[in-house]
Amino acid sequence: MPLMSGNLIKNLFSGPATRPYPIVKREPFPRARARLAYDPDKCTYCGICANICPAAAISVEEDRENLHISRVYNSFACISCARCAELCPQGSLRMEVSPHGAADAKTVAYSASKET
Amino acid sequence: MARVTFPFGPQHPVLPEAIQLQLTCEDERVVEVLPVIGYMHRGIEKAAEANLYPNNIFLCERICGICSFIHALCYCELIEGMMRVEVPPRAKYLRVVWSELSRIHSHMLWLGLLADSFGFESLFMQCWRAREIILDTLEMTTGQRVIQSSCVIGGVRRDIDLDMEPGVRRQMAAFQKELKSIYPVFAKDYTVKLRTVGKGVLPRDQAWSLGTVGPTLRGSGWADDARTLGYAVYDDLGFEPVVEIGCDSYARMMVRLREVVQSVELVIKALDQMPEGDLTVTVKSFPEGEGLIRVEQPRGELVEYARGNGTAYLERLKVRTPTFSNIPALLVMLPGCELADVPVITMSIDPCIACTER
Amino acid sequence: MQQVRVDRGADPVISPDALLKEVELLASEGARFTTMICLDLDPEFEIIYLFQKPTLDVVRLRVRMAKDEELPSISSILLGAVLMENEIREFFGVKIINLAIDFKCRMLLSEKSLQMPLLKVRPKPKLTGGGE
Ligand code: SF4
Ligand code: SF4
């Protein structure tokens, strides 16, 4: 014990090492990968993101007769690896740094090239 | 004397993961032990055959949560070796930085859990608090705390640039300060010594013949470390394995403690020597033939084998994780010990069951 | 620098009968068990044994066998091999005999899971109880 007592006394008089979470929030680091943001307006439905996603969280389906492509993003399957965000040629995918609300904001999101 | 057989685990406060030890006791003394695994099998080797080979990086990372970067590095180095891709030097240095940071955070986690296993709660908290600094460094540089996803075939995806480097150095200095207050407690404290010295003895020759790896082996006096094989840039950094000759739990603890100190130095040295240059090279071909690689993880030597057939899918990926070869050591360490020492001895091999079962 | 690519032709290929003698020889030279890798090269199995010499070098040994042949366990010589032999028996259905500790194909898988999952060509599954 004696070797630890120095630490213990220091800890006793310094403040807590943890944050009172909902009141004080930690600033996320600028590079953090927390949530995938998608902008359907920029998307050209090229399907690159669906091909390279390691978790198969994105799928693109083509309906040639009606010239209609639909894209499905399943954020429950997404592992936030940011590969799609790096490779999207249109820059319609982006990684957001803030994780807040991620758990309840998870959905399966649909978007399509032409509204039907 | 009556013999009692009872299960220790799979859910036990001291075990971080689910493993069961069937202990047979005479009074307080353990006479027989049978480890039972199989609670966490996920079929990763099978899944690796169904995935495109670049996507397997993310799968391999999930074999283990603690040493995820080193799993990714191992897989990338294996595929690069099979395809004869030369990685840019800067990427190699960055790989060393991140793998040593992973090693530090794994060892700090383990040191905390060891302190917890003999009931030294304040030391446990102190270790995990120090580990938080490392996790923050990892998040700052790669984007995520535990699953870094920054290694790709042909290089790395993230850079520690000039803006970030002073931050990393500051974090390392802060960590060194924390470590200085923890180190003597583990090394010299009376209660810690009472619970670890002479417990779970693994004699030198048995440590070798049972096939143990990593700190378990080095704690028994063998200077066997896969980093001396010179993957990434360990040979340029003047790496020397840490060896202890005590053969007991204390020796294994000291190996890990000294490795933390050494890893911090390696990180700083790698930052000092890091050359400028590209982060990745483009890789076009597909893996073909067979490849075998050995990489040092926090828990020991990781052996990976892959067999490709010139397509984007691998025919077979085999991962031999370090705990897989350390579990047989329990058959030697546990019989003859007291029941109260079982947690400490079991922890002393640093069991990572999710790794083991894949 | 370690050699990642493996040259298939350089390794000795032996039959299951000769295995124990070879392993005994290696063990007497101070080698220890590292791991073994099973490949399903239909219609054969190829099992690669990896041993480590007291230096860091790895020795490879390949066993070719038909799928219904029996393979003697080396766990009586090197106990460290026992978990891996159990795993191979479970994942590929290789008939390994004389195991030092026998988990009876229930080490990692349960009754309800897919049996022999790593075989390339799987025999027709027998649906017992829970199914796949
Ligand atoms: S890669 Fe980008 S542009 Fe292409 S489908 Fe995906 S989000 Fe749309
Ligand atoms: S972040 Fe990764 S897992 Fe998520 S959708 Fe993009 S590629 Fe897929």
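Ala, Val, Leu, Ile, Met, Phe, Trp, Tyr, Cys and Pro count here as nonpolar, Asp, Glu, Lys and Arg as charged, and the others, Gly among them, as polar. I note at the outset that the model is predicted.

**Entry 1: ligand 1**

I looked up the surroundings of ligand 1 and found 14 residues around it. The closest are Cys43(A), Cys46(A), Cys49(A), Cys88(A) and Ser92(A). I then sorted this shell by class, which gave nine nonpolar, four polar and one charged residue. I also checked the cavities: ligand 1 takes up the space of the second largest cavity.

**Entry 2: a sheet in chain A**

I traced an open sheet of three strands in chain A, with the order β2-β3-β5 and antiparallel pairing. β2 (58–63) and β5 (108–112) of chain A each have a single partner strand, so one side of each is left without a neighbour in the sheet. On average, neighbouring strands of this sheet are turned by 15° against each other, direction ignored.

I followed the pairing of β2(A) with β3 (residues 68–74) of chain A, where six bridges join the two antiparallel strands. Within β3(A), I found His68(A) opposite Asp63(A).

**Entry 3: two helices in chain B**

I turned to helix α3 (residues 68–83) and helix α4 (residues 89–117) of chain B, which pack at an angle of about 145° with their axes 9 Å apart. From α3(B), the residues in contact are Phe69(B), Ile70(B), Leu73(B), Cys76(B), Glu77(B) and Glu80(B). They meet Arg95(B), Trp98(B), Ser99(B), Ser102(B) and Arg103(B) of α4(B). By class, I recorded five nonpolar, two polar and four charged residues in this contact.

Conventions
Residues are numbered from 1 along each chain as its sequence is written. Chains are lettered from A and ligands numbered from 1 in the order in which they are written. This is a predicted model: local features need pLDDT of at least 70, side-chain atom pairs count only at pLDDT 80 or more; totals for chains, interfaces and linings use all residues. Side-chain values use heavy atoms; hydrogens and water are left out. Axes are lines fitted to C-alpha atoms, for helices over the stretch in contact, and angles run from 0 to 180 degrees between N-to-C directions. Helices (H or I, at least four residues) and strands (E, at least two) are DSSP runs, numbered from the N terminus. Contact means heavy atoms within 4.5 Å. A residue is near a molecule or strand if one of its heavy atoms lies within 4 Å of it. On a 1 Å grid over the protein atoms alone, a cavity is a set of points where a 1.4 Å probe fits but cannot get out, and a pocket is an open set with protein on both sides within 12 Å along at least five of seven lines; lining residues have an atom within 4 Å of a point. A molecule sits in a cavity or pocket if more than half of its atoms lie within 2 Å of its grid points. Two strands pair if DSSP finds at least two bridges between them.
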